[in-house]
Each structure stands twice: as structure tokens, then as C-alpha cells.
Amino acid sequence: MGKIILTGDRPTGNLHIGHYVGSIANRLKLQAEGNFDKFYIMIADTQALTDNADKVDKVRNNIIQVALDYLSAGIDPKKVNIFIQSQVPELAEMTMYFMNLVTVARLNRNPTVKEELKQRDFANTMPVGFMCYPISQASDILAFNANCVPVGEDQLPMLEQAREIVRSFHNAYGEDVLVMPEPLLPDNKSCARLVGTDGKLKMSKSAGNCIYLKDEPEVIKQKIMGAYTDPDHIKVSDPGKVEGNVVFAYLDAFATDESFAKYLPEYKNLDELKDHYRRGGLGDVKIKLFLNNVLQELLAPIRERRRVLEQNIDQIYEMLFENGRQASKVASETLARMKAAMGIDYSQFLKK
Ligand code: TRP
């Protein structure tokens with residue numbers, strides 16, 4: 001079997017530039033290389049509902065938003081199957097069987113879930129569905145025989161869980177039913193996690209520290225001009241710190257030597273700019289305006305494509321539904337293989 005790629009996002013908000021460097025850029029590269037038999041991107045609404053049971057409208061509305069973000073960022077629906085998780089009901093059935101192969105103790109040790117629990121204040125109110133989402137995510141991957149799962153580092157524990165389920169399933173019911181998935185991390189580790197404009201650890205909607213792919217030019221500029229830099233860099237002549245400075249973190253992720261040639265030719269590259277900033281004599285406004293040029297160039301075509309796509313929402317939904325039907329067919333084949341291996345394929349008991 002060739003390469004089968006599967007990845008996904010929870011539809012809980014619009015995608016921002018952190019998603020762009022962390023996952024979208026990598027997907028665009030994989031898409032351009034074309035070295036795959038199948039490429040799925042799942043909009044994981046079922047998973048989003050595991051901690052949003054009371055906010056179904058938020059999840060529902062963000063499905064189309066995330067689809068628009070993908071398509072406007074350049075994901076090509078002719079090459080990639082974008083579908084909605086809940087439209088593949090086989091995933092739920094598969095999850096039921098996998099649940100029997102995973103202990104509660106194992107789920108409690110999942111570092112990503114632990115971290116999320118801390119952030120969400122779920123002391124005694126964690127829904128069972130949330131606790132089990134790593135198992136459901138294993139179904140997402142295994143249903144499609146994915147052997148390549150492009151994810152950020154925070155998703156590695158999910159991949160490890162899926163791999164354990166493959167081993168347990170094969171031990172319990174016989175080999176060669178499921179495909180062992182491998183994670184694929186973005187090449188540029190420094191880009192894997194982009195800080196928020198406030199310099200806090202993560203971009204998140206609730207912190208209001210994100211630059212969204214769909215933001216208007218003035219909004220982008222305003223967010224950049226207000227970004228956290230170095231609080232001790234007061235006068236232009238002061239030496240400045242590059243580490244922890246949001247503008248440099250973003251330039252690390254997005255500025256190329258061509259950006260310098262185009263917008264700031266007095267510097268050859270980012271190293272020269274950083275050296276000057278460290279020495280003193282380089283003001284924040286200058287580096288922010290440069291970053292603004294770089295990000296405006298990246299985001300303008302995305303925003304323009306989005307305007308066109310927004311005129312055809314029905315067509316996008318229809319595409320998602322059709323893709324869901326195709327995905328469901330593949331998942332039902334995997335499920336049939338599983339049930340045969342487990343010996344719960346009762347049609348064998350029919351006399352004729
Ligand atoms: N857990 C992923 C996230 O929060 C989303 C996701 C759901 C996913 N199913 C997946 C990612 C399967 C990769 C493969 O971003």
C-alpha cells in the first residue's frame with residue numbers, strides 16, 4: 001500500500017497564523033509533492049463536541065469557517081478529501097471496540113489530555129467523551145489506513161495511543177487488520193508553536209492574541225503594532241532582546257531573504273537584523289512595519305480567495321458531504337475487517 005495521509009482540526013475557531021506555520025504550510029507542501037495515494041483532512045466536529053456539549057452552535061458554525069480557511073489557504077479539494085468527522089458514523093462504532101483495549105489508567109496518563117484538563121478546570125466535571133477522545137482519534141486515523149499523520153508535537157501522545165491500539169488489537173484478534181500509523185512533524189521545529197501577539201505561550205481565541213488568516217489588512221497591522229517586543233527596549237538606541245520578542249518569533253517563521261530584498265534591503269537577512277537590534281539603534285516601529293509587509297503579502301491572496309469562496313457556501317457543503325460519503329465507505333471496509341477478525345461477523349451463522 002502507498003502513502004495515505006490523514007490529519008485534522010477541531011472546528012472551534014478560525015485558523016490563525018499559528019495554524020499556518022504549524023500545520024497548513026506542511027499540508028500545502030505535502031499536497032504539492034503529490035507523493036500520496038490518498039490525503040484526508042478531517043474537520044473533527046465530534047471531537048470538538050467532547051468538551052463543547054453546550055456549545056454545539058459554536059462547533060457547527062466553525063465547520064464551514066475551517067473549510068473556508070483550508071480552501072483559501074490553498075488546500076486543493078481535487079487532491080485532498082476534506083470531510084466532517086460526524087458524517088462517518090463508522091468511527092463511533094470502531095471507537096466502541098477500541099475502548100475495550102485501553103485502560104482508564106492509560107487514558108489518565110495521556111500528557112496532552114492532562115495539560116488540557118489543567119487549562120479547562122475540569123476537576124470533577126470532565127465528560128467521559130472528553131477523556132476518551134484519544135481513542136476516538138485513533139479511530140479517525142485507523143479507519144482510513146493512514147500511515148502518515150502530519151501533526152504538531154502536542155499530538156504525539158495521540159499517535160502513541162493509536163499505535164498501542166493497533167498492537168493490542170493485533171494481539172487480541174490477529175495480525176494485519178490495521179495499518180500502523182507514523183506521525184510526521186513539521187520540519188522547522190521553531191515554527192511548530194507560534195506564540196500569541198501578547199508573548200504568552202499559545203495563540204488562543206480566548207486570549208485575543210491571534211492573527212487570523214481572514215483578518216483585514218488594518219486589523220493585521222494593528223495587531224502587529226501592538227505586539228509584545230522587549231519591555232526594556234525603550235529608546236531606539238537601547239540594546240534589545242530578540243528572545244521572547246514576538247516580532248522576531250514571527251519573522252523567524254515567515255521572513256525569507258527575499259522579504260528583505262523586497263521590503264528592507266538595507267539588511268541581507270534576519271541574522272543581520274537581529275544583530276542590529278541586539279546592539280541597539282533599531283526601533284520597534286521599523287521591525288514591526290517590516291513584519292507587517294511580510295504578513296500582508298502572505299495573507300492578501302488567502303483573503304481574496306476566501307471572498308470568492310464565500311459566494312459559494314452551498315457548493316462547499318456539498319463537497320464536504322460527498323467527501324464524507326466516500327470516507328464512510330473506506331471506514332466501513334476497515335470496520336468489516338475488524339469485525340471479521342474479532343469474530344463478530346455473524347453472517348457466518350446463516351445456513352445459506
Ligand atoms: N486532536 C487534533 C487537534 O486538536 C484534531 C484531530 C482529530 C486529529 N482527529 C485527528 C489530528 C486525527 C490528526 C489525526 O488538533
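Two elements, β1 (4–9) and α8 (133–142), each supply at least two residues of the shell around the ligand. The model is a predicted one. In total, 13 residues surround the ligand. Arg-10, Gln-47, Gln-137, Asp-140 and Gln-155 are the closest of them. By class, the shell divides into 6 nonpolar, 5 polar and 2 charged residues.

| Residue | Ligand atom | Distance |
|---|---|---|
| Arg-10 | oxygen | 3.3 Å |
| Gln-137 | nitrogen | 2.9 Å |
| Gln-155 | nitrogen | 3.0 Å |

On its own, the ligand has 360 Å² of accessible area. The protein covers 90% of that area.

**The second largest pocket**

Next comes an open space. The second largest pocket holds about 460 Å³. Its lining is made of 20 residues. Nearest the centre of this pocket lie Tyr-20, Val-21, Ala-25, Ala-253 and Phe-254.

Which elements give two or more residues to this lining? They are α1 (17–33), α11 (246–254), α12 (257–263) and α14 (284–309). Helix α1 has the largest share, with 5 residues.

Domain 1 (4–193 + 313–349) gives at least three residues to the lining. Domain 2 (217–307) likewise gives at least three. By class, the lining of this pocket has 11 nonpolar, 4 polar and 5 charged residues.

**The cavity**

How many cavities of 30 Å³ or more does the structure hold? There is 1. The largest cavity has a volume of about 40 Å³.

Several stretches of the chain line this cavity. Among the lining residues are Gly-22, Ser-23, Asn-26 and Arg-27. Thr-7, Pro-150, Val-151, Leu-184 and Pro-186 also belong to the lining. Which element gives the most to the lining of the largest cavity? That is α1, with 4 residues. By class, this lining has 4 nonpolar, 4 polar and 1 charged residues.

**Drawing it together**

Conventions. Residues are numbered from 1 along each chain as its sequence is written. This is a predicted model: local features need pLDDT of at least 70, side-chain atom pairs count only at pLDDT 80 or more; totals for chains, interfaces and linings use all residues. Side-chain values use heavy atoms; hydrogens and water are left out. On a 1 Å grid over the protein atoms alone, a cavity is a set of points where a 1.4 Å probe fits but cannot get out, and a pocket is an open set with protein on both sides within 12 Å along at least five of seven lines; lining residues have an atom within 4 Å of a point. Grid points are joined across faces, edges and corners, and a volume is the space filled by probe spheres set on the points. Ala, Val, Leu, Ile, Met, Phe, Trp, Tyr, Cys and Pro count as nonpolar, Asp, Glu, Lys and Arg as charged, and the others, Gly among them, as polar. Domain bounds come from an automatic or database domain assignment. A residue is near a molecule or strand if one of its heavy atoms lies within 4 Å of it. A polar contact is a pair of N or O atoms within 3.5 Å; within protein, one must be able to donate a hydrogen and the other to accept it, and residues adjacent in sequence count only if both atoms are side-chain atoms. Accessible areas come from the Shrake-Rupley method with a 1.4 Å probe; for residues, only the protein chains shown count as cover.
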